[in-house]
Amino acid sequence: MAEYEYRPVDVTASELAAVVGLFAAVWPDARHLTVDYVRWLYAENPNGPVIGYNAWRGTALAGHYVVIPIRARLHGQVVPAALSLNTAVHPAHQGKGLFTELARRTYDEARTRGAHHVIGVANANSTPGFLRKLEFHDLGPLDARILWSAPTLGPRAAPPAWERVWEPHDLAWRIRNPSRPYTLVARHGCRQILAPTGRYGLLALLKLDSPSEAAPLPGWAVHRPLLPRPMLWIGRSARVRFRALGGVRLPNRFRASPLNLIIRYLVPGTPPVAPEAVEFAAIDFDAY
């Protein structure tokens, strides 16, 4: 790997263009990965700039990996953390260990910047590598359901062991994603944040809030739906209440790629998170 130069990711125009070019080579159908999207995600996050590394071979960007700063409530305490996001290695440079080296450097930098842990969502193909090579722990699969009626929220039986903290300015930034339109809807006494899935007539239910917990979003109107529409819900929750006969859990064979929640602790001695005590929704990562 001596033929590669590893440099921290920056958000200059030329580097963002190189990153988007790499994404196009790796995921040619992912049209949402534009320069505007990457700038929003990497440079405008109110929790801080992106953390990550690029692998260069001369003037060619061969590999890229980043996490973004977030805040999380872990065992009742709010701590700085990081969300694992974009991993890309150019097809001409795959199989040379670039991702593992990029990830190790990224986690060292995240620890230096104060991140307590890294959490991420991995598909079935990438999960074993995160667990074996990068010291992640498996928190189990995310649930995925198609809903024909809106769910509700039950009371908190106990504080979760892990949940992402969304302050109003964080949430306002999240739904300013330039690659997707978001809608706020009031239904059954809850506020829903919805996004298009790209499949005709199907919306993704990203976040469900009770009125007492909903962060205010100045400038965003909350609408009442005119017609019911099917929704896709992805996540893990002990609070979300699905209505009887109101939806169906998708078997793995019907999912494009089953998703697993994974976590790596950057602070030695951290008590592990119990998988059944996690609150995690689609708003918490970059599915939509």
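His75 is partly exposed, with a relative accessible area of 39%. This comes from a predicted model. His75 sits in the loop between S3 and S4. Its phi is positive, about 50°, although His75 is not a glycine. Most residues other than glycine have a negative phi.

Glu135 also has a positive phi, about 65°, and is not a glycine. Its place is the loop between helix H4 (127-133) and strand S6 (137-141). Is Glu135 buried or exposed? Glu135 counts as exposed, because its relative accessibility is 54% and the exposed class begins over 50%.

## Helices H1 and H2

Two packed helices are described by the angle between their axes and the distance between the axes. Here, helix H1 covers residues 13-26 and helix H2 covers residues 35-43. Their axes come within 9 Å and cross at roughly 115°. The crossing is right-handed. On the H1 side, the contact is made by Leu16, Ala17, Val19, Val20 and Phe23. On the H2 side, it is made by Val35, Val38, Arg39 and Tyr42. By class, this contact has eight nonpolar residues, one charged residue and no polar ones.

Which residues of H2 are buried? They are Tyr37, Val38, Trp40, Leu41 and Tyr42. Their cover includes H1, strand S3 (60-74), strand S4 (77-89) and helix H5 (168-174).

## The second largest pocket

The second largest pocket has a volume of about 500 Å³. It is lined by 26 residues. Closest to its centre are Arg156, Glu163, Lys207, Leu208 and Asp209. By class, the lining has 13 nonpolar, twelve charged and one polar residues.

Which strands each supply at least two residues of this lining? They are S9 (162-164), S12 (203-209), S14 (231-236) and S18 (280-281). The largest share, four residues, comes from S12.

## Leu203 in strand S12

Leu203 belongs to strand S12. Leu203 is buried, because its relative accessible area is 15% and the buried class lies under 20%.

Technical notes. Residues numbered from 1 in each chain as written. Predicted model: local features only at pLDDT ≥ 70, side-chain atom pairs only at ≥ 80, totals over all residues. Heavy atoms only, no water. Axes fitted to C-alpha atoms, helices over the stretch in contact; angles between N-to-C directions. Left-handed = near helix turned anticlockwise from the far one by under 90°. Contact = heavy atoms within 4.5 Å. Nonpolar A, V, L, I, M, F, W, Y, C, P; charged D, E, K, R; others polar. 1 Å grid on protein atoms, 1.4 Å probe; cavity = no way out; pocket = protein on both sides within 12 Å on 5 of 7 lines; lining within 4 Å. Points joined across faces, edges and corners; volume = space filled by probe spheres on them. Buried < 20%, exposed > 50% of the residue type's maximum accessible area, 1.4 Å probe, protein only.
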